[in-house]
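This report looks at surface and charge features of a predicted model. The sequence and the structure come before the discussion.

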Amino acid sequence: MTSDSGTWWLVVLLLGFATGALIYLIKRSLFGRVDKLDEAVKRLDETTVKKPTYEKDKDKLTGDIERIERDYTPRSVHDKSYD
């Protein structure tokens with residue numbers, strides 16, 4: 001098999017296209033994963049409660065529970081005082 005100058009440019013061109021296609025597929029795969037990770041982080045950020053908000057709500061609920069425990073009257077005592 002003899003190869004002339006026309007054959008070499010064809011081989012180099014095909015090799016360039018193959019390399020370009022391989023790089024494109026690798027980038028698409030990697031950046032697809034990065035995009036999915038970015039979406040997951042955004043969703044996680046939107047659906048979670050921040051610590052200061054959590055602490056404030058916890059303190060409020062703790063105060064409500066303490067008030068209920070302090071003011072709670074059992075049914076038997078309530079019925080006796082109602083009669």
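L14 lies in helix α1, which covers residues 5–47. With a relative accessible area of 53%, L14 is exposed, because the threshold for that class is over 50%.

## Salt bridges within the helices

Side chains of opposite charge can pair when their charged atoms come close. Four salt bridges are found in a search of the whole structure, among them one between K42 and D38, whose side chains meet at 3.7 Å from N to O. K42 and D38 are four residues apart in helix α1, so about one helical turn separates them; D38 is partly exposed, at 39% relative accessibility.

In helix α2, which comprises residues 51–71, K58 and E55 are three residues apart and are likewise separated by about one helical turn. Their side chains form a salt bridge with an N to O distance of 3.9 Å. K58 counts as partly exposed at 37% relative accessibility, and E55 also counts as partly exposed, at 28%.

## The pair R70 and D71

A further salt bridge links R70 with D71, where the closest N and O atoms are 3.8 Å apart. R70 is exposed, with a relative accessibility of 60%, whereas D71, at 47%, counts as partly exposed.

Key
Residues are numbered from 1 along each chain as its sequence is written. This is a predicted model: local features need pLDDT of at least 70, side-chain atom pairs count only at pLDDT 80 or more; totals for chains, interfaces and linings use all residues. Side-chain values use heavy atoms; hydrogens and water are left out. Helices (H or I, at least four residues) and strands (E, at least two) are DSSP runs, numbered from the N terminus. Buried means under 20% relative accessible area, exposed over 50%, partly exposed in between (1.4 Å probe, protein chains only).
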